[in-house]
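The sequence and the model are shown below.

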Amino acid sequence: MVDYSIGAMRESITVQVEARTADGAGGFTKAYSTDFTAMAYIKPLRGQDPYLQGQLTETIIFDFVIRYRSDKSVNPTKRILYNSKVYNITSAINLDERNRYVVIRGERGVAA
């Protein structure tokens, strides 16, 4: 098991939760609010610049490692705000199922 020291977790991230409000016309509007903030170890994994349907699109994937919190959950219905950029959560794994670290995979440049 990898041991992430306190010193390695030096970047602040914000985990946001979506709230939907009825718009009165049968639809809804989405708004995000802060669920919690955490210090994280951030590891860039991959970046792609595929050319799709005549447009150049950029996709960047990061792993965000935070300390496990029993009072908060992380799942793909939430998102991460880091350095003023939004990352959609694709997975959140309790590393080694030991309740010490959570590895969150985030993706930027894709539709939410």
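Strands β5 and β8 pair in the antiparallel sense over 8 bridges, where pairing requires that DSSP finds at least two bridges between two strands. Within this pair, Ile-60 has Arg-108 of β8 as its bridge partner. Strands here are DSSP runs of E with at least two residues, and helices are runs of H or I with at least four residues, numbered from the N terminus. Strand β5 is mostly covered, with 8 of its 9 residues buried. Buried denotes under 20% relative accessible area, exposed over 50%, and partly exposed the range in between (1.4 Å probe, protein chains only).

The model is predicted: local features need pLDDT of at least 70 and side-chain atom pairs count only at pLDDT 80 or more, whereas totals for chains, interfaces and linings use all residues. Residues are numbered from 1 along each chain as its sequence is written, and side-chain values use heavy atoms, with hydrogens and water left out.

**Overall composition**

The chain comprises 0 helices and 8 strands, giving the pattern β-β-β-β-β-β-β-β along the sequence. Of its 112 residues, 29% are buried. Among contacts (heavy atoms within 4.5 Å) between residues at least 6 apart in sequence, 53% join residues at least 24 apart.

**Nonpolar cores**

A nonpolar core is a set of buried Ala, Val, Leu, Ile, Met, Phe, Trp, Tyr and Cys residues joined through side-chain atoms within 4.5 Å. The largest such core has 17 residues, and those with the most contacts inside it are Ile-13, Ile-42, Phe-64, Ile-66, Ile-80, Tyr-82 and Ile-104. Two or more residues of this core come from each of β1 (11-22), β2 (28-48), β5 (59-67), β6, β7 and β8. Another core, of 5 residues, lies apart from it and includes Tyr-4, Met-9, Tyr-101 and Val-103.

Which residues does Ile-13 contact, leaving aside its neighbours within four places in sequence? Its partners are Phe-36, Thr-37, Ala-38, Ala-40, Ile-42, Phe-64, Ile-66, Ile-80, Leu-81 and Tyr-82.

**Salt bridges**

A salt bridge is defined as a side-chain nitrogen of Lys or Arg within 4 Å of a carboxyl oxygen of Asp or Glu. By this rule the count is 5.

| Pair | N to O distance |
|---|---|
| Asp-35 and Lys-78 | 2.7 Å |
| Arg-105 and Asp-63 | 2.8 Å |
| Asp-71 and Arg-69 | 3.0 Å |

The salt bridge between Asp-35 and Lys-78 links distant parts of the chain: Asp-35 belongs to strand β2 and Lys-78 to strand β6, 43 residues apart. Lys-78 is buried, at a relative accessible area of 10%.

Arg-105 and Asp-63, whose side chains also meet in a salt bridge, link strand β8 with strand β5 across 42 residues. In this pair Asp-63 is buried at 11% relative accessible area, while Arg-105 is partly exposed at 35%.

For the salt bridge between Asp-71 and Arg-69, Asp-71 counts as exposed at 54% relative accessibility and Arg-69 as partly exposed at 28%. Elsewhere, salt bridges that share partners join Asp-35, Lys-72 and Lys-78 into one network.

Arg-79 is located in strand β6.

The side chain of Arg-79 does make a polar contact with the side chain of Gln-16 (2.7 Å). A polar contact is a pair of N or O atoms within 3.5 Å; within protein, one must be able to donate a hydrogen and the other to accept it, and residues adjacent in sequence count only if both atoms are side-chain atoms. Not counting residues up to four places away in sequence, Arg-79 touches Thr-14, Val-15, Gln-16, Tyr-32, Val-86, Tyr-87 and Ile-89.

**Positive phi angles**

Ser-84, although not a glycine, has a positive phi of about 65°. Ser-84 lies in the loop between β6 (78-82) and β7 (85-94) and is exposed, with a relative accessible area of 74%.

Asn-99 is a residue other than glycine with a positive phi near 55°. Its place is in the loop between β7 and β8 (101-108), and at 44% relative accessibility Asn-99 counts as partly exposed.
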